[in-house]
Amino acid sequence: MKHIIKIMALLVALSAFWISLLQTSVLPESYTWLLPLYFIVSLGSYGLLMVGVGLMRFPTCPQEAILLQEDIVEAKGFLNGKGVDVGSD
C-alpha cells in the first residue's frame, strides 16, 4: 500500500509541474503538450534498459542447479514407483 501512495504522490507532483509549465511561458506550448509523451517514452526506455542490464548480469546459481538435479532424480524415482515412464537417463 505504501508503494501505491508513493507512485500516486509522484504522479501528482509531475502533473502539478506539467500544469505549471502549461500556465507559464517558460517553454513553447507545443513542447509542453508533448512532455507526457516524452515521459512515457523515457520510462519505457528505462524499463528496457533495466531488463537488458538484468539479463546481462543474470546470476548463475550452481548450488541451486545441484538441488534441482536432486529434485529431478527424486521425482523420476517417485513416478517410476507409480508406473509412469519418464524416459531414460
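Biologist: Where does Ala-75 lie?

Modeller: Ala-75 sits in helix 3. Keep in mind that this is a predicted model.

Biologist: Why is Ala-75 called partly exposed?

Modeller: Its relative accessibility is 37%. Buried means under 20% and exposed means over 50%, with partly exposed in between. So Ala-75, at 37%, counts as partly exposed.

Biologist: Okay, what makes Gln-63 exposed?

Modeller: Gln-63, found in helix 3, has 56% relative accessibility. The cut-off for exposed is over 50%, so Gln-63 counts as exposed. As for spacing, Gln-63 and Glu-74 are 11 residues apart along the chain, and their C-alpha atoms are separated by 17 Å.

Biologist: What separates the C-alpha atoms of Arg-57 and Lys-6?

Modeller: A distance of 28 Å, for two residues that are 51 apart along the chain.

Biologist: Let's turn to helix 2. Why does Leu-43 count as exposed?

Modeller: Leu-43 is found in helix 2 and has 51% relative accessibility. Since exposed means over 50%, Leu-43 counts as exposed. Leu-43 also belongs to a nonpolar surface patch of about 1,200 Å².

Biologist: Which other residues make that nonpolar surface patch?

Modeller: Among them are Ile-4, Ile-7, Met-8, Leu-10, Tyr-46, Leu-49 and Met-50. Helix 1 and helix 2 are the elements that give two or more residues to the patch.

Biologist: What lines the largest pocket?

Modeller: The lining is Leu-11, Leu-14, Ser-15, Phe-17, Trp-18, Leu-35, Pro-36, Phe-39 and Ile-40. The pocket has a volume of about 250 Å³. Helix 1 (2–23) and helix 2 (29–56) each supply at least two residues of the lining, and helix 1 gives the most, with five.

Biologist: How many residues of that lining are nonpolar, polar or charged?

Modeller: Eight are nonpolar, one is polar and none is charged.

Methods:
Residues are numbered from 1 along each chain as its sequence is written. This is a predicted model: local features need pLDDT of at least 70, side-chain atom pairs count only at pLDDT 80 or more; totals for chains, interfaces and linings use all residues. Side-chain values use heavy atoms; hydrogens and water are left out. On a 1 Å grid over the protein atoms alone, a cavity is a set of points where a 1.4 Å probe fits but cannot get out, and a pocket is an open set with protein on both sides within 12 Å along at least five of seven lines; lining residues have an atom within 4 Å of a point. Grid points are joined across faces, edges and corners, and a volume is the space filled by probe spheres set on the points. Helices (H or I, at least four residues) and strands (E, at least two) are DSSP runs, numbered from the N terminus. Ala, Val, Leu, Ile, Met, Phe, Trp, Tyr, Cys and Pro count as nonpolar, Asp, Glu, Lys and Arg as charged, and the others, Gly among them, as polar. Patches are made of residues with over 30% relative accessible area and no salt bridge: like charges are joined within 9 Å, nonpolar side chains (Val, Leu, Ile, Met, Phe, Trp, Tyr) within 5 Å. Accessible areas come from the Shrake-Rupley method with a 1.4 Å probe; for residues, only the protein chains shown count as cover. A salt bridge is a side-chain nitrogen of Lys or Arg within 4 Å of a carboxyl oxygen of Asp or Glu. Buried means under 20% relative accessible area, exposed over 50%, partly exposed in between (1.4 Å probe, protein chains only).
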